[in-house]
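Welcome! Have a look at the chain below, then try the exercises that follow, each with a worked solution.

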Amino acid sequence: MRKKIVAGNWKMNKTLDEALILTSEVVNMVRDEVIGDVEVVLCTPYIYLPVLQKYVEEVDRISLGAQNCHQKASGAYTGEISAAMLAALGTPYVLVGHSERRQYFGETDELLAEKVKISLANGLKPIFCCGELLEQRQNEDFLAIVKAQITAALFDLSAEDFGKVVIAYEPVWAIGTGLTASSQQAQEMHAELRAHIAGQYGEQVADDTTILYGGSCNEKNAAELFACPDVDGGLIGGASLKSREFTNIIKARM
């Protein structure tokens with residue numbers, strides 16, 4: 001049985017006081033309202049991870065995640081954070097390859113392959129992001145493009161290591177734009193990715209792989225998206241900054 005996961009990506013938002021309030025609210029709401037086996041991941045700015053750890057420990061279904069890590073084990077990389085540092089904090093998850101990292105920092109699939117491997121080597125669970133631009137969607141070669149991202153970054157892994165990776169499909173044209181892929185579009189991509197994984201690792205590994213949808217998912221469309229058989233949860237951006245809306249999205253995945 002693959003995991004149901006709803007992850008919130010705070011990006012570069014919230015002061016420390018605001019982060020403490022938001023986390024406390026989410027923890028209380030999840031504890032009081034969420035039943036079932038859905039796992040909640042809060043991907044916060046690095047500096048908040050050690051402070052928030054004691055809050056999320058109150059509910060065993062809530063975990064923390066980092067928004068990035070460096071591809072090298074250590075070295076003269078001023079301002080960067082290593083996978084080993086995150087592991088030492090007890091942070092279970094790390095986002096790898098978010099579209100904003102690709103767009104603003106020029107991260108390539110080859111670089112992301114390094115990040116995935118070093119994350120796994122340090123016991124972290126990568127949430128690997130993939131997705132197409134608007135022009136690629138319009139040119140109708142989006143399926144091949146997203147499959148190529150997964151092939152380049154992940155298909156050198158052993159089946160055992162691949163089984164520790166969570167995939168997050170994020171249509172770039174639907175991130176922060178108010179646009180959302182329809183449930184049919186989301187299901188089509190998720191099913192294609194699962195079939196692509198099966199071609200490399202077999203049906204069992206593919207069936208066990210958690211594939212999240214990310215792209216303007218909100219409390220109004222979450223239930224329809226999560227009802228798709230190959231959509232296992234969501235990677236939530238802006239809506240994860242509002243405790244009530246984020247909790248409602250989590251409840252849609254119960």
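Contact here means heavy atoms within 4.5 Å. The model is predicted, so local features need pLDDT of at least 70 and side-chain atom pairs count only at pLDDT 80 or more, while totals for chains, interfaces and linings use all residues. Residues are numbered from 1 along each chain as its sequence is written, and side-chain values use heavy atoms, with hydrogens and water left out. Helices (H or I, at least four residues) and strands (E, at least two) are DSSP runs, numbered from the N terminus.

**Exercise 1.** Find which residues of helix 5 and helix 7 meet, and describe how the two helices pack.

*Solution.*
- Step 1: On the side of helix 5, the residues are D109, L112, A113 and V116, and they touch A148, Q149, A152, A153 and L154 in helix 7.
- Step 2: Sorted by class, this contact holds seven nonpolar, one polar and one charged residues. Ala, Val, Leu, Ile, Met, Phe, Trp, Tyr, Cys and Pro count as nonpolar, Asp, Glu, Lys and Arg as charged, and the others, Gly among them, as polar.
- Step 3: Helix 5 (residues 109-121) and helix 7 (residues 142-154) pack at about 50 degrees, and their axes lie 7 Å apart. Axes are lines fitted to C-alpha atoms, for helices over the stretch in contact, with angles from 0 to 180 degrees between N-to-C directions.

**Exercise 2.** Work out which strands pair with strand 5 and whether strand 5 is enclosed or open.

*Solution.*
- Step 1: Two strands pair if DSSP finds at least two bridges between them.
- Step 2: Strand 4 (residues 93-96) runs parallel to strand 5, with four bridges joining them; here L95 stands opposite I127.
- Step 3: Strand 6 (residues 166-169) is also parallel to strand 5 and joined to it by four bridges, and A168 is the bridge partner of C129.
- Step 4: Five of the six residues of strand 5 (residues 125-130) are buried, so the strand is largely enclosed by the rest of the structure. Buried means under 20% relative accessible area, exposed over 50%, and partly exposed in between (1.4 Å probe, protein chains only).

**Exercise 3.** Place I35 in the chain and decide: is I35 buried or exposed?

*Solution.*
- Step 1: I35 sits in the loop between helix 1 and strand 2 (39-43).
- Step 2: With a relative accessible area of 60%, I35 is exposed.
- Step 3: Leaving aside neighbours within four places in sequence, I35 is in contact with R61 and M254.
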